[in-house]
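Here is a short report for a reader new to this structure. It starts with the whole chain and then turns to the details.

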Amino acid sequence: MTRQVTEWVNVAGDISIIARESGEVWFHTPGGTEENMDPFSAPMTGVGSAGSMVGLLDGAINLGFATIEKKLARPDPTLVGYVVALVGAYHTSVDTPRNLRRAARRFNDLGRPEVADYLEERAREESGHDRLALKDLRALGVPGERLVAKFIPEGIEPLCKRFYDLCVQDYPIGCIGYSYCLERIAALKQASDIEKVQAICPGDIDATRFLRSHSSLGSEANHVEETIKFVASLPANDRISIVRETYESALILAEGYNHELLKSEAEMLEELEQALGEALPPCRSLHPLKGGGHDARRPAA
């Protein structure tokens, strides 16, 4: 009988994620076990597999989001909130090609052309996505270029900084973990999620270009699958670093997104209008102070 590949990575304190090629995944804490008796106390050194790698990467995301599970905000979608989300989408995508190419050049210098080629391909695929967010903002009547130049959501700024910092490292392998985290989360969005957003857009306006592209309806699912296969082919040290960064990025993503979701509609609108120095016409009809006292996180009926 062929022995199944088993991979493991310590990601947080004494918590390790263990995954088998068959798809089994569990979290491991050594407890009172003697270190020399714990088979997972030392870093893994063997080969990887797609089956075990998806378990490690998705386990890292789940573990990261588990830290905010009890305080996770789940407000109904509003147009103001969607404008903020589009601005955040612009900022997380505008520098992606440049950052990935910077990391690719570094791996070429290090004699790792296979990693450089992977990053270059990702840079090509991600080019122009920021323009989709701008088109959606303009479709809503929002001066997108001026808004993104003056405003970045507080919860998104740490995420952008994280990606830049990863890509300028001497050995920027962690940028793959960051990218996987964002693409995996995006791939979870279904047609029903897009329909909910479309329902709050005025009239027949189509302002879901970016969302459709970064959902299960776009290319994200293929990107996720390709990344899993690629990471599984890398040396153990690289796989460990990528899984750890997937976890760290999930922590930042979860905290940042939750930070924005916890804001009331009035708070978000005030931030947008202060940045622009003017009112946002498409959002005015949902202004919580002018809508008859409805819940600040819910659209007017």
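A residue counts as buried when its relative accessible area is under 20%. By that cut-off, 48% of the 301 residues in the chain are buried. The model is predicted.

**The chain as a whole**

Helices and strands are both present: 14 helices and 3 strands. The accessible surface comes to about 14500 Å². Carbon and sulfur atoms hold 51% of that surface. Contacts reach along the sequence too. Of those with a separation of 6 or more, 74% join residues 24 or more positions apart.

**Nonpolar cores**

Nonpolar side chains tend to be buried together in soluble globular proteins.

| Core | Number of residues | Residues named |
|---|---|---|
| Largest nonpolar core | 49 residues | Leu 119, Cys 175 and Ile 176, those with the most contacts inside it |
| Second, separate core | 30 residues | including Leu 86, Leu 147, Leu 269 and Leu 272 |

Take Cys 175 from the largest core. Leaving aside residues up to four places away in sequence, Cys 175 touches Leu 100, Ala 103, Leu 119, Phe 163, Leu 166 and Cys 167. Leu 119, one of these partners, is also among the residues with the most contacts inside the core.

**The hairpin**

Strand β2 covers residues 15-20, and strand β3 covers residues 25-28. The two pair in the antiparallel sense over 4 bridges. Ala 19 has Val 25 in β3 as its bridge partner. Between the strands of this hairpin lie 4 residues. Gly 23 takes a positive phi near 110° in the hairpin.

Technical notes: Residues are numbered from 1 along each chain as its sequence is written. This is a predicted model: local features need pLDDT of at least 70, side-chain atom pairs count only at pLDDT 80 or more; totals for chains, interfaces and linings use all residues. Side-chain values use heavy atoms; hydrogens and water are left out. Two strands pair if DSSP finds at least two bridges between them. A nonpolar core is a set of buried Ala, Val, Leu, Ile, Met, Phe, Trp, Tyr and Cys residues joined through side-chain atoms within 4.5 Å. Buried means under 20% relative accessible area, exposed over 50%, partly exposed in between (1.4 Å probe, protein chains only). Contact means heavy atoms within 4.5 Å. Accessible areas come from the Shrake-Rupley method with a 1.4 Å probe; for residues, only the protein chains shown count as cover.
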